[in-house]
Amino acid sequence: MHTNVSISLNVKGFAKTLRKDRWWLYPGLVVFGLTGFLVYGFWSAWQADFYWYSAGQEGFGGYLAPFYSPLVFIKEGVVGAAPMSHSILGAWPSWWPSWIPPSPSLLILAIPGIFRFTCYYYRKSYYRAFTGTPPACAVGSIPRKGKSGYKGETGLMQVQNLHRYAMYFAMLFIIIFFYDAYLSFFRSGEFGIGVGSILLLGNPILLGCYVFGCHSLRHLLGGSRDCYSCSMGGQIAHKNGKVITWLNERHELFAWLSLIWIMFADFYVRMISMGYLTDLNTWGI
Amino acid sequence: MAKRIFQIFRGDSENGVLVNFETEVKEGMVVLDVILEIQAEQANDLAIRWNCKAGKCGSCSVEINGKPKLSCMTRMNEYFSDQTITITPLKAFPVIKDLVTDVSWNYEQNKKIKPVKLAPESKSEKGYVMYQEDVERVQEFRKCIECYLCQNVCHILRDHDKKDKFIGPRYMIRVSSLEMHPLDIEDRIPELKKDYGSGMCNITHCCTDVCPENIKITDNGIIPLKERVVDRFYDPITIIKRKIFGKKKKRLPPF
């Protein structure tokens, strides 16, 4: 026999809900995925070594771990470091504080970091998973106390409007990663294919699918227009918009695929550079 | 055919009870059918607002097992046969009685939005001329049935009670449909930032998730509006461009 239950609809509080499904699964997976990525990313960046593999060959070609690309400066004498010819600005600067490892990754990590942090998809995922505003739809948000309570993206979080600029830099990274992929198909100037080449080629392709589905890019390349029939430019924007919209509808998918792929590619290069794994390739070295 | 247990909210904004009902569920029934059957056989004074029973009038919005849904479009076979179904009114709005809420706050938000202002020169002998490619974005927003499920699930209104700061997803969509209209020349961007509260939205996509018309409220409506606010107030390049060259005159479709 079931008894009637008194209920107040005005009950507010974190995770309060009448939902009976596994609403906690999505935020749980996001916490797991993003924490794993951040921990690995900072660990890898802090190592400052074993980010290059060319099987000891000096000529053109080799694998560069994507977390270390582009190489702004290179510290000489580090094990698993790229040859100095790959450095954009030359040798490691003397002013670098001694307590921070001389890692090229630490110099560039902020750019993709800001792009992903301010991305409209990731905002959804971490607002749900980390700040609980809300943890899931129709599930109680973490109550905001203080002067005016919840402010959304008006106060400090206006910083999210940097996304457009981060997107321009992310475009540069696609070009750089394609160059790294090109580099990975050569060993001492000889063309070949290795598992690392495939991983390093997949990286800019997936990153490209993610970046070209960006909401800011969609706005800049056509979304800001109200009239497409007015000019030739409008008609081109309308056609391009369909491709960008297709990618935009899969923004979440490519956000995760590109994130996991870049992490795996970085890990793979590190492992073969350290000698823990053997790269299968057509060079036979 | 089996007897199923339902917990239905009975009461008002102050006091309420989840009352148990046991009724037979036949094949093909939707949740609204069950509510109406209980109303006819067991609780004649049970209040439920409904009209078309076809998912087009937006009247029968309730929360079923905590999820905002149209009761006429929620089939009973979506739930396990031994599962108790809990039906409550929309949480973001004051309850009038049982499952009926007072959604009049929404009508007030609608009045805040500057109405359409068509460019006078856009009227030709043939009337107002528009092309499919110019209006297809807006057509998506016109599918809205004003069920207010998006307004109800929006945590800014539901949990944080910032009804004075944000007009809600439904009206962001209305602003989108006007702002993106090829013939409209009204400027709503300053109001969008200041009065409509575009910055309050943290794009968690719940409005999109619950929309029964599958309107991509966040991706196609709110985010493009946020980007227009960035153009106007945050992007130094577009701000300087506007200062030097002046405000761009809206181009109209060819007649």
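**Entry 1: ground rules**

I note that this is a predicted model, in which local features need pLDDT of at least 70 and side-chain atom pairs count only at pLDDT 80 or more, while totals for chains, interfaces and linings use all residues. Residues are numbered from 1 along each chain as its sequence is written, and chains are lettered from A and ligands numbered from 1 in the order in which they are written. Helices (H or I, at least four residues) and strands (E, at least two) are DSSP runs, numbered from the N terminus.

**Entry 2**

Next I went through the pairings. Strands pair through backbone hydrogen bonds, either parallel or antiparallel. I found β1(B) and β2(B) antiparallel over 10 bridges, and a hairpin of four residues joins β1(B) to β2(B). Strand β3 (residues 61–64) of chain B runs antiparallel to β4(B), with four bridges between them. In that pair I noted B:P68 of β4(B) as the bridge partner of B:E63.

**Entry 3: where the chains meet**

I checked how chain A joins the sheet. Strand β1 (residues 5–6) of chain A pairs with β2(B) in the antiparallel sense over two bridges, and A:V5 has B:L18 as its bridge partner in β2(B).

How many residues does the contact take from each of chain B and chain A? I recorded 53 residues from chain B and 44 residues from chain A, where two residues are in contact if their C-beta atoms, placed from the backbone, lie within 7 Å. Elements of chain B that each supply at least two residues to its side include β1 (2–11), β2 (16–25), α3 (132–141) and α9 (217–233). I noted that α9(B) gives the most, with seven residues. By class I have 25 nonpolar, 13 polar and 15 charged residues on the chain B side; Ala, Val, Leu, Ile, Met, Phe, Trp, Tyr, Cys and Pro count as nonpolar, Asp, Glu, Lys and Arg as charged, and the others, Gly among them, as polar.

**Entry 4: domains of chain B**

I took the domain assignment of chain B, which gives domain 1 (2–101) and domain 2 (104–245); such bounds come from an automatic or database domain assignment. Over C-alpha atoms, the centres of these two domains of chain B are separated by 32 Å. Their contact takes 12 residues from domain 1 of chain B and 13 residues from domain 2 of chain B. On the domain 1 side I noted seven nonpolar, three polar and two charged residues.

**Entry 5: helices of chain A**

I recorded nine helices and five strands in chain A. Its C-alpha trace spans about 75 × 55 × 45 Å along the principal axes.

I looked at two helix pairs. The axes of helix α6 (residues 195–211) of chain A and helix α9 (residues 251–274) of chain A come within 9 Å and cross at roughly 155 degrees. I therefore class α6(A) and α9(A) as roughly antiparallel (angles over 145 degrees). Residues of α6(A) in this contact include A:L199, A:L206 and A:Y210, and those of α9(A) include A:F254, A:W261 and A:I272. The contact has 16 nonpolar, four polar and no charged residues.

Helix α1 (residues 25–47) of chain A packs against helix α4 (residues 120–129) of chain A at about 105 degrees, with the axes 9 Å apart. I therefore class α1(A) and α4(A) as roughly perpendicular (65 to 115 degrees). Among the residues in contact are A:Y26 and A:L34 of α1(A), with A:Y126 and A:R128 of α4(A). I noted seven nonpolar, one polar and one charged residue in this contact.

Note on methods
Axes fitted to C-alpha atoms, helices over the stretch in contact; angles between N-to-C directions. Parallel < 35°, antiparallel > 145°, perpendicular 65-115°, else oblique. Pairing = 2+ DSSP bridges.
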